[in-house]
There are 4 protein chains.
Amino acid sequence: MLEELKKKVWQANLQLPAHHLVTFTWGNVSALDRETGYFVIKPSGVPYDELKPEDMVVVDLDGNKVEGDLNPSSDTPTHAVLYSRFPELGGIVHTHSTFATSWAQSGRDIPCYGTTHADYIYGPIPCVRNLTKEEIDEAYEKNTGVLIADYFKESGRDVMAVPGALCKNHGVFTWGKDADDAVYNAVVFEEVAKMAYVTEQINPRVTPAPQELQDKHYYRKHGANAYYGQEGHRDGK
Amino acid sequence: MLEELKKKVWQANLQLPAHHLVTFTWGNVSALDRETGYFVIKPSGVPYDELKPEDMVVVDLDGNKVEGDLNPSSDTPTHAVLYSRFPELGGIVHTHSTFATSWAQSGRDIPCYGTTHADYIYGPIPCVRNLTKEEIDEAYEKNTGVLIADYFKESGRDVMAVPGALCKNHGVFTWGKDADDAVYNAVVFEEVAKMAYVTEQINPRVTPAPQELQDKHYYRKHGANAYYGQEGHRDGK
Amino acid sequence: MLEELKKKVWQANLQLPAHHLVTFTWGNVSALDRETGYFVIKPSGVPYDELKPEDMVVVDLDGNKVEGDLNPSSDTPTHAVLYSRFPELGGIVHTHSTFATSWAQSGRDIPCYGTTHADYIYGPIPCVRNLTKEEIDEAYEKNTGVLIADYFKESGRDVMAVPGALCKNHGVFTWGKDADDAVYNAVVFEEVAKMAYVTEQINPRVTPAPQELQDKHYYRKHGANAYYGQEGHRDGK
Amino acid sequence: MLEELKKKVWQANLQLPAHHLVTFTWGNVSALDRETGYFVIKPSGVPYDELKPEDMVVVDLDGNKVEGDLNPSSDTPTHAVLYSRFPELGGIVHTHSTFATSWAQSGRDIPCYGTTHADYIYGPIPCVRNLTKEEIDEAYEKNTGVLIADYFKESGRDVMAVPGALCKNHGVFTWGKDADDAVYNAVVFEEVAKMAYVTEQINPRVTPAPQELQDKHYYRKHGANAYYGQEGHRDGK
């Protein structure tokens with residue numbers, strides 16, 4: 001089932017090492033099939049160069065395996081919660097990419113220091129807190145998703161305008177309208193994280209980019225008045 | 001029209017990812033045809049690996065499209081202003097290259113710390129201020145060009161001796177006598193930016209290279225007494 | 001003798017430059033044959049691109065050459081001590097990989113700042129002290145092994161849960177159940193070292209990841225209750 | 001003339017971009033022919049991918065061209081002085097490699113923080129002062145060689161044990177018994193420079209490696225009691 005989507009998810013997973021976002025098996029991509037409400041995700045712990053489209057696992061929104069010979073990614077419950085809580089998501093990526101993960105390890109949000117960031121992300125990249133021991137013991141992966149989802153609900157921020165989050169002392173989740181879009185955002189997060197790090201080294205007293213500049217860049221690529229790119233490709237990607 | 005120039009601009013655009021200066025579509029190259037007064041520029045938001053020479057867009061010096069099926073780069077008005085104000089420019093490049101953009105995000109000029117810089121750039125690389133909200137609202141891309149051009153006019157610095165500028169919280173523009181020369185300078189800016197960053201980390205109290213050393217290196221590659229390179233290739237490239 | 005193991009050790013050695021862990025000949029891999037009690041190791045100072053399986057040298061646990069035309073790695077006595085003292089080791093790697101070696105040069109343990117570290121290493125990566133002049137003069141390479149082994153004995157830490165150590169002002173040793181596993185850990189150490197360095201630059205007051213998070217990640221990949229990966233591949237690799 | 005040596009120097013020059021030590025034409029390699037007393041050097045400003053063995057230029061020890069259609073490297077007088085003053089040199093390399101040049105720009109010697117350094121370089125890598133305006137005006141490139149040579153003479157350090165030097169605000173010279181050996185040392189200098197930089201970031205109060213450890217590593221690869229590598233290859237390379 002879902003053979004076309006499995007192929008897309010497989011290809012999107014291969015984009016992670018191609019963009020230098022993962023070492024070994026340290027990442028995974030999933031994508032949602034809106035008709036069935038199932039999503040397709042990478043199997044757990046299988047090296048990218050051995051992955052085949054038919055290895056992809058089909059899972060429902062409670063995180064239960066629907067089809068597949070292999071175990072799904074151990075992060076499957078996180079994906080399931082995010083798809084459940086945010087119906088606009090069509091693809092999700094998890095990585096331990098070097099610079100974004102270093103920000104996560106530092107426990108800090110990534111401030112918006114420039115237009116590279118503002119072109120794709122509206123406002124700072126949030127770093128959500130550690131789970132408590134109770135939350136870890138109860139359901140670590142599921143509660144990781146709950147924590148991220150609650151952050152967006154409580155802050156009122158839009159998941160499509162802030163297409164990802166850092167998990168303190170852990171790594172990065174990004175998402176988008178489909179698997180490719182989520183991978184694209186994973187690349188953006190890593191590059192933005194690297195530049196924000198270098199920026200602070202060059203000028204320890206740096207402040208975020210002016211709001212009007214952030215607005216200009218975000219809205220020239222997104223929304224009704226966007227004018228970047230070609231007709232019919234108005235999301236700036 | 002301008003088929004030869006389109007091919008050159010197409011090739012120069014492909015040099016940006018080849019030199020690791022751009023991620024995805026985050027950059028563009030243009031070149032001027034002095035006879036017609038038109039310039040040729042990359043279309044907006046088209047991935048480099050899908051670009052074809054015939055996709056290049058022909059634009060006049062007011063930034064109006066003269067020929068082409070696709071929308072020109074959203075940065076076209078910046079290029080137009082720079083060509084208008086500085087007739088000596090034959091090619092312009094815009095990138096978000098990692099280290100030069102980090103300096104732009106930090107809001108600092110790049111001091112001349114050594115001969116790698118002085119070989120190609122006379123004096124510090126300027127970082128121009130943010131546009132005001134009014135300037136952004138009126139004409140963001142055009143006013144970016146005006147801001148850069150005014151900097152050179154007011155400072156009295158020579159655009160051919162300082163072949164580029166950083167835009168605060170944004171990215172990098174470089175230029176040169178043609179598209180290849182502008183790309184060459186984009187590579188120089190990125191490498192110089194990386195080394196200046198590392199230099200300050202190694203020695204936070206570092207000062208710029210002595211003026212006589214800067215002069216020696218700049219003028220052994222440029223001007224009437226240059227002696228670097230081979231006869232007929234006296235610009236040090 | 002041990003032709004199969006020689007081939008495996010040869011292949012594992014080639015993985016070091018493939019993973020950008022060594023420059024020139026600055027590293028070596030060995031693996032133990034439990035039946036004979038001999039181990040197979042890279043010859044000293046031979047470039048990786050000239051290595052052949054039959055060049056591998058067979059050595060006993062006193063570090064004496066058993067078979068081979070070439071001299072074994074100058075670090076052979078270190079390997080011999082580690083295999084003698086820790087019968088669970090099946091493979092050992094030595095490198096001067098950039099970031100792990102920079103931590104070794106700094107003389108600091110690498111704190112556990114996140115799950116990338118905790119997935120494979122339980123607690124900080126230790127950096128053992130310099131040998132004294134007397135220890136160096138008596139038997140430098142052997143005493144390097146003794147120093148590492150004594151650290152584990154005295155600290156009570158488990159060599160399989162802490163699969164390596166830094167040697168102050170020198171470099172990195174990693175190990176595992178076989179040569180491939182030791183190389184895998186060498187890659188982990190380098191990536192973890194790079195991220196820990198960047199993490200401290202981003203947040204100089206950073207503290208280690210909460211113990212419950214470290215436990216969760218380590219034990220979801222190791223031990224009786226592991227659930228990462230596929231049946232029969234329960235070590236998280 | 002010197003066809004064999006030209007081919008070796010050509011190949012050694014191509015090793016510079018292969019080892020990521022140069023951008024564009026920013027480096028050069030030469031080698032001495034002891035019989036004629038001439039040396040062979042890269043032509044000035046010619047891109048590496050257009051270089052041919054027959055483009056190499058033959059020069060005498062006063063820096064005068066003996067044979068060749070092209071101008072020799074503008075750094076030729078520096079090479080000539082170094083060969084004249086130190087008859088043991090058989091090859092010289094000049095680069096602007098990123099991390100070594102950043103140390104040069106910072107104006108600091110590179111301390112010996114570990115065995116990677118001590119394996120090939122005895123003591124710190126010196127950074128020689130700026131030339132005065134008078135020295136620059138009189139003969140910049142020649143006086144660069146004089147400055148380096150005088151440093152070694154005055155300090156009593158051995159050019160074969162310290163196979164290179166940094167020039168403040170400029171770049172790096174390395175040397176060795178032939179062109180390949182000089183290139184090898186250029187790679188060592190760059191890697192050592194990168195690790196020393198990262199080391200100081202990790203531990204700003206770091207001190208050099210103990211002298212007995214430096215001695216142990218240097219002398220296990222060099223001199224009468226060396227035991228690294230294979231018989232007849234006792235220089236540790």
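Predicted model: local features only at pLDDT ≥ 70, side-chain atom pairs only at ≥ 80, totals over all residues.
The hairpin made by β1(B) and β2(B) has four residues between the strands, and in it B:Gly37 takes a positive phi near 75°. As background, strands of a sheet pair through backbone hydrogen bonds, either parallel or antiparallel.

To follow a whole sheet, we can turn to chain D, where eight strands form an open sheet in the order β4-β3-β2-β1-β5-β8-β7-β6, with mixed pairing. The edge strands of this sheet are β4 (65–67) and β6 (127–128) of chain D, each of which pairs on one side only. Towards the β6 end of the order, strand β7 (residues 164–167) of chain D and strand β8 (residues 172–176) of chain D pair in the antiparallel sense over three bridges. Here D:Ala165 has D:Phe173 in β8(D) as its bridge partner.

Helices lie across this sheet. Helix α1 of chain D, residues 3–18, lies across β1, β2, β3, β4 and β5 of chain D, and runs at about 150° to β1(D). Helix α6 of chain D, residues 179–202, lies across β1, β5, β7 and β8 of chain D, and runs at about 135° to β8(D). Both helices therefore lie across β1 and β5 of chain D, as the list of strands for α1(D) and that for α6(D) show when they are read against the definition of contact.

Most residues other than glycine have a negative phi, and most peptide bonds are trans. B:His20, however, has a positive phi near 60°, and is found in the loop between α1 (3–18) and β1 of chain B. B:Asn169 likewise has a positive phi of about 60° although it is not a glycine, and this residue lies in the loop between β7 (164–167) and β8 (172–176) of chain B. Are these two residues buried or exposed? B:His20 is exposed, since its relative accessible area is 68%, whereas B:Asn169 counts as buried because its relative accessibility is 0%.

Burial can also be followed along a whole helix. In chain A, nine of the nine residues of helix α3 (residues 98–106) are buried, so the helix is largely enclosed by the rest of the structure. Among these buried residues are A:Phe99, A:Trp103 and A:Gln105. Just after α3(A), A:Gly107 takes a positive phi of about 75°.

A:Thr199 has its place in helix α6 (residues 179–202) of chain A, and counts as buried because its relative accessibility is 0%. Its C-alpha atom is separated by 17 Å from that of A:Ala104, a residue 95 places away along the chain.

How the chains are related can be described by a rotation. Chain A is superposed on chain B by a rotation of 90° with 0.0 Å of shift along its axis, and the RMSD is 0.0 Å. The two copies are thus related as by a four-fold rotation axis. The C-alpha of chain A nearest this axis is that of A:Gln201, at 5.5 Å from it. Because only 6% of the interface residues of chain A are also interface residues in chain B, the copies meet through different surfaces.

Aromatic rings complete the tour. Over all chains the structure holds 48 aromatic pairs. One of them is formed by B:Tyr151 and B:Phe152, which are edge-to-face, with 5.2 Å centre to centre and 85° between the planes. Within that pair B:Tyr151 is partly exposed, whereas B:Phe152 counts as buried. A:Phe24, A:Trp26, C:Tyr120 and C:Tyr184 form one aromatic cluster. Finally, the charged end of B:Lys42 sits over the ring of B:Tyr48, 4.9 Å from its centre, and D:Lys221 lies over the face of D:Tyr228, at 3.8 Å from the ring centre.

Definitions and conventions. Residues numbered from 1 in each chain as written. Chains lettered and ligands numbered in written order. Heavy atoms only, no water. Phe/Tyr/Trp six-rings, centres within 6.5 Å; stacked < 30°, edge-to-face > 60°. Buried < 20%, exposed > 50% of the residue type's maximum accessible area, 1.4 Å probe, protein only. Lys NZ or Arg CZ within 6 Å of the ring centre and 35° of its normal. Least-squares fit on C-alpha atoms with pLDDT ≥ 70 in both. Contact = heavy atoms within 4.5 Å. Helix = DSSP H or I, 4+ residues; strand = E, 2+ residues; numbered from the N terminus. Pairing = 2+ DSSP bridges. Axes fitted to C-alpha atoms, helices over the stretch in contact; angles between N-to-C directions.
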